[in-house]
Amino acid sequence: MTVDDGAVDGDEPPVRSTPLLPTALAWILRLATGTRSVPTEALPRERPVVFFANHGSHLDAPLIWAALPAEWRAVTRPVAARDYWEGGPLRRFLARRVFRAVLIERRKISARNNPLAPLRAALACGESLILFPEGTRSDGGTVGSFKSGLHHLVRDRPELPLVPVYLDNLSRILPKGELLPVPVIANLFVGAAIRVRAEEPKEAFLERARAAVLALGTASQP
Amino acid sequence: MSGNETHYLVGGTYAVLVVASVVTWLLRRLKDPQRQDPVINNLAARVQAWWAMVIVFTVALAVGKPGTVILFALTSFLALREFVTLTPTRAGDHRALFLAFFVVLPVQYFLIYVEWYGLFSVFIPVYAFALLSIRAAATGDTTDYLARTGKLQWGLMVCVYFVSHVPALLTLEIPGFDGRNANLLFFLVAVVQLSDVLQYVWGKLCGRRPIVPALSPNKTLEGFAGGTLSAALIGAALWWATPFAPWQAALLAALVTLFGFFGGLVMSAIKRDRGIKDYGSTLAGHGGILDRIDSLCFAAPLFFHLVRFYFT
């Protein structure tokens, strides 16, 4: 992996392939995981927004993307780890052309590749983001503490709707460290948007955001 | 598909469905034009799901053995998926689960396709059992080991092994019944599914004494007796399409209904244990696939073996 080559994905104009492939892939992803698409009425009226979710599988970002209504999918970009999504030609193609992921560095972060810069640029273009504030995949079943990135991203944009998403069972479909998926049925719960409050301390905000995700998970239990 | 009898069976089924659709439409027209009555809405959703299932079933039968084997392999896949989703598993089970879905299940249905009775009748109880236990042990994760491997084996037995006995009916060689085995399959599925409906109807009409109140308050002695008797009559009425005499058809239908009833009870026990009402929401008005085929799962091996021992 080459690092520090100065390339920042968020600066590239978003490349889109024909809509057929993303639509087909979203359909396959929903069918393979048994997930239903999210109705437009369940989402905020204004865009852009930031979707934030618990993270247990590499499938998390593609699945949220696939469950969104088509008009949202076209303007929503998952935030994903560059080292994984540039790990092979297929993943690279999917990340760049289909999901139009905003790829960020997880290692050797410097002022030149500040991971927040491409996210801010995408939001400035009116594009919504899907991000995982835990920073890394948990071992499933638990939701780790949120990293401060979410707060840094939104603290100067209090109007931005932040939509909590709880993903259930995805870490069973494709757990950390496994290559082959198991077809259990996944579930995706979208909550009401929250916003960062004026003068809200970072820790309080992050805990409130995490609680919003956890609440969706608890509500889903029978 | 073979023989005029099969055409009559299929035609009869569509006639029943047309009647059900007309009745639903009339009920709605007369009693509930606002579409607010939950009972009528549920009925309409069920009839719609019935149409979908019957159309898929007839297309599979029309394609013949490959179509039928593939249809039931897919049914097993969806049922096992519902079962595993509701069963807690650990990371250490991942590879065993992968084997169950993508190796054990296809191999079982392949064995049925090539009509290798000697192996398909022991493959899951013996070889899949050993293989999956070994695979799970090899991960070194011993927490709840026995419970985890037991649950997976249980799911495979019910969702794959039992269900696979439905298409296996096509492999039986019954003297004087060549090329008409699809009728057996039709007989089994029709009797089991109709007995479900009839038990429900009899239970609603005169059900008083629940059989296992803690499990299914709606399953009453009256519903069970009425359902079994009327299913036996339906079985007897279908004798002309089978290799059975009318009394044999009635007896088989009653036994199949009995086992199907207990199958439903067993699957309810699991649902209670997991604290859920339905196994899924694949079929509107019916819950999941597993909710619809629970009685078929348990009835299929019994019917298969009775026919195999007494008629081949």
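What distance separates the centres of domain 1 of chain B and domain 3 of chain B, taken over C-alpha atoms?

1. The centres of these two domains of chain B, taken over C-alpha atoms, are separated by 18 Å, and this value, like the others below, should be read with the caution that the model is predicted. The domain assignment of chain B places domain 1 at residues 1-63, domain 2 at 66-171 and domain 3 at 177-312.

2. Chain A has nine helices and six strands in its secondary structure, and of its 222 residues 39% count as buried. If one takes the contacts in chain A between residues at least 6 apart in sequence, 74% of them join residues at least 24 apart.

3. The six strands make up an open sheet with mixed pairing, and their order in chain A is β3-β2-β4-β1-β5-β6. The edges are formed by β3 (102-104) and β6 (187-190) of chain A, each of which pairs on one side only, while the twist from one strand to the next averages 25 degrees.

4. Which way do the residues of β1 (residues 50-53) of chain A point, and are they buried or exposed? Val50(A) and Phe52(A) point one way, Phe51(A) and Ala53(A) point the other way, and all of them are buried. In a regular strand, side chains alternate between the two faces of the sheet.

5. Strand β5 (residues 162-168) of chain A is joined to β6(A) by four bridges, and here the two strands run antiparallel.

6. On the helical side, α6 (residues 116-124) of chain A lies across β2 (76-81), β3 and β4 (128-131) of chain A, and it runs at about 165 degrees to β3(A). Leu129(A) touches Leu119(A), Ala122(A) and Leu123(A), and among its other contacts, not counting residues up to four places away in sequence, are Val50(A), Phe51(A), Val79(A) and Val102(A).

7. The largest nonpolar core has 129 residues, and those with the most contacts inside it include Phe51(A), Ile64(A) and Leu129(A) as well as Ala100(B), Val163(B), Leu188(B) and Ala300(B). Helix α8 (residues 182-206) of chain B supplies the largest share of this core, 12 residues. In soluble globular proteins, nonpolar side chains tend to be buried together.

8. The contact between the chains takes 11 residues from chain A and 13 residues from chain B. On the side of chain A that touches chain B, the residues divide into seven nonpolar, two polar and two charged.

9. Why does Glu199(A) count as exposed? Glu199(A) counts as exposed because it has 6 C-beta neighbours inside 10 Å, where the cut-off for an exposed residue is 12 or fewer. Glu199(A) lies in the loop between β6 and α9 (202-220) of chain A, and its C-alpha atom is separated by 21 Å from that of Pro164(A), the two residues being 35 residues apart along the chain.

Note on methods. Residues numbered from 1 in each chain as written. Chains lettered and ligands numbered in written order. Predicted model: local features only at pLDDT ≥ 70, side-chain atom pairs only at ≥ 80, totals over all residues. Core = buried A, V, L, I, M, F, W, Y, C linked by C-beta atoms within 7 Å. Buried ≥ 20, exposed ≤ 12 C-beta atoms within 10 Å, placed from the backbone. Contact = placed C-beta atoms within 7 Å. Domains from an automatic or database assignment. Pairing = 2+ DSSP bridges. Axes fitted to C-alpha atoms, helices over the stretch in contact; angles between N-to-C directions. Nonpolar A, V, L, I, M, F, W, Y, C, P; charged D, E, K, R; others polar.
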